[in-house]
Amino acid sequence: MKKITILDSTLRDGAHVNKGLFGVSAIRNIINALDNAKLDIIEAGFLRNVTYQDGSTIFNEIDDFEYLINHKTNSNISLMIRPDQYNINKLYKKSDLIDRLRFAFYKKDIDITKDFIYKANNLGYKISLNPINIGMYSYVEIEDILKNIIDLPIDSISIVDTFGMFKKESFRAICNIFSMHLPKSISLGIHLHENLSLSFGLICDYLEFGDKRKDIIIDSALFGMGRIPGNLPTEIIAQHLIEQYNKPYKLEYILQIISQEIEPIKLKLPWGYSPVYLLTATKCIHRDYGEYLHNMKVPYNLCVEILDEIKKKGKSLIYDKQFIENLLKKGNI
C-alpha cells in the first residue's frame, strides 16, 4: 500500500442522525479535535440547496462554512455535494479553508456530475467521487462508470456500500474491478456501513490482500456515527493504523471528543446494529425501509415478510414510503 489515509465523515455522514444540527460549539470542537489528532481529511458537511441554520453542517454556500470555521486546519477539509441536489452556480470560488469537494451521484446523473467536476477543478479543488450504492450495479455497469470517469480531473473515487451488503467475497470482487480500471494516479476510497458489523474486518482484509500499488482513503466516523446503523468507527481504524502502520494519529484527542460531543448525541439519538438492517443488507433493499420498520417497532419476523414483498414488487432500490405504509395495513401481508 503506497499511502493510507483516514477521512473522518462524522460531521457529514453523522448529519443523517441529527439532521446536521450539531451546534456551533460542537462543530468547532470536533474539527479542532480531529485536527489535533492529525487526521488526514475531515469531511465537515454537505453543500445543499437549503436555508442555512446556524450550527448545522448542511451548508447552503461555502460562505456558511467559512463563517463557522474561520481558520485553516492542518487536516484537509472536504465538503460533499449531490449534483442532483445543488445549484452549480453556487459553486463560484475556491475557499482557502476547503481543500476537497466530494461528489456523490447515481449512474443516471453522471453527466451533470461531470459539469460539477470541471467547474470544481477550474476553481482549484481536489475532487473525489462517491458513486452511491455501487453494489446495486452489475459488474458491467460498474466498469462503465469507471470508464466514464477515469479521464476526468479527479483525485479519488470510492467504493460506497450504501446498503451495507458487502461480505468478503463480494467486496473483493468489487475491489478487483476498481483495481483493474483505475490508473495509479487515482486513489481508491472505501466507504462502508455496519449492517453486518463487517466494516473493520473488510478494511483489514483489503489492507492485507488489496492492491498494494494504490493509495487508499478509508472513510470512518467518531463512535461510528452515521446513517443508521452507522459507519466504521474512526477510533478503531486509527488505533489499528497506529499499531500496524506506524501512523502518527493521536488517539487521546479522538477519545476525548467522543466523550465530550459524540456520546451525548448517541444517548439521545442512538445508532448501531439492529437485526432489521441485517435483513435489508442481505436482501439488497433500501435501508430507509429498515429505518421505517424499526421506528414502527415491527417484529423482526414480520419484517422478513414485508421486505420480501418489497423485493417481489420491484421496489427495493428506491424508497417508497407510501408503498410500505400500505403493506403494513391489515391484510396486505
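Strand S1 (residues 4-8) is mostly covered, with 5 of its 5 residues buried. Buried here means under 20% relative accessible area, exposed means over 50%, and partly exposed lies in between (1.4 Å probe, protein chains only). Strands (E, at least two residues) and helices (H or I, at least four) are DSSP runs numbered from the N terminus. The model is predicted: local features need pLDDT of at least 70, side-chain atom pairs count only at pLDDT 80 or more, and totals for chains, interfaces and linings use all residues. Residues are numbered from 1 along each chain as its sequence is written, and side-chain values use heavy atoms, leaving out hydrogens and water.

In a regular strand the side chains alternate between the two faces of the sheet. In S1 both faces are covered. Ile4, Ile6 and Asp8 are buried on one side, and Thr5 and Leu7 are buried on the other. Two strands pair if DSSP finds at least two bridges between them. S1 pairs with strand S9 (residues 216-220) in the parallel sense over 5 bridges. S1 also runs parallel to strand S2 (residues 41-47), joined by 2 bridges. Leu7 takes part in both pairings: its bridge partner is Asp219 in S9 and Ile41 in S2.

Helix H6 (residues 139-149) buries Ile142, Ile145, Leu146 and Ile149. Seen down the axis of H6, the buried residues fall within an arc of 95°, so they line one face of the helix. The arc is that of the directions from the helix axis to the C-beta atoms. Val140 and Lys147 are exposed on the face turned away from the buried side. Cover for the buried residues of H6 includes strands S5 (100-105), S6 (126-131) and S7 (156-160), along with helices H5 (110-123) and H7 (168-181).

A nonpolar core is a set of buried Ala, Val, Leu, Ile, Met, Phe, Trp, Tyr and Cys residues joined through side-chain atoms within 4.5 Å. The largest has 79 residues, of which Leu101 and Phe178 touch the most other members. Contact means heavy atoms within 4.5 Å. Leaving aside residues up to four places away in sequence, Phe178 touches Ile134, Ile142, Leu146, Ile157, Ser158, Ile159 and Leu188. A second, separate core of 15 residues includes Leu279, Tyr292, Val298 and Leu307.

With a disulfide taken as a pair of cysteine sulfur atoms within 2.5 Å, the count is 0. The closest cysteine sulfur to that of Cys204 is in Cys175, 13 Å away and too far for a bond. For Cys284 the closest is also in Cys175, at 17 Å, again too far. Cys284 counts as buried because its relative accessibility is 15%.
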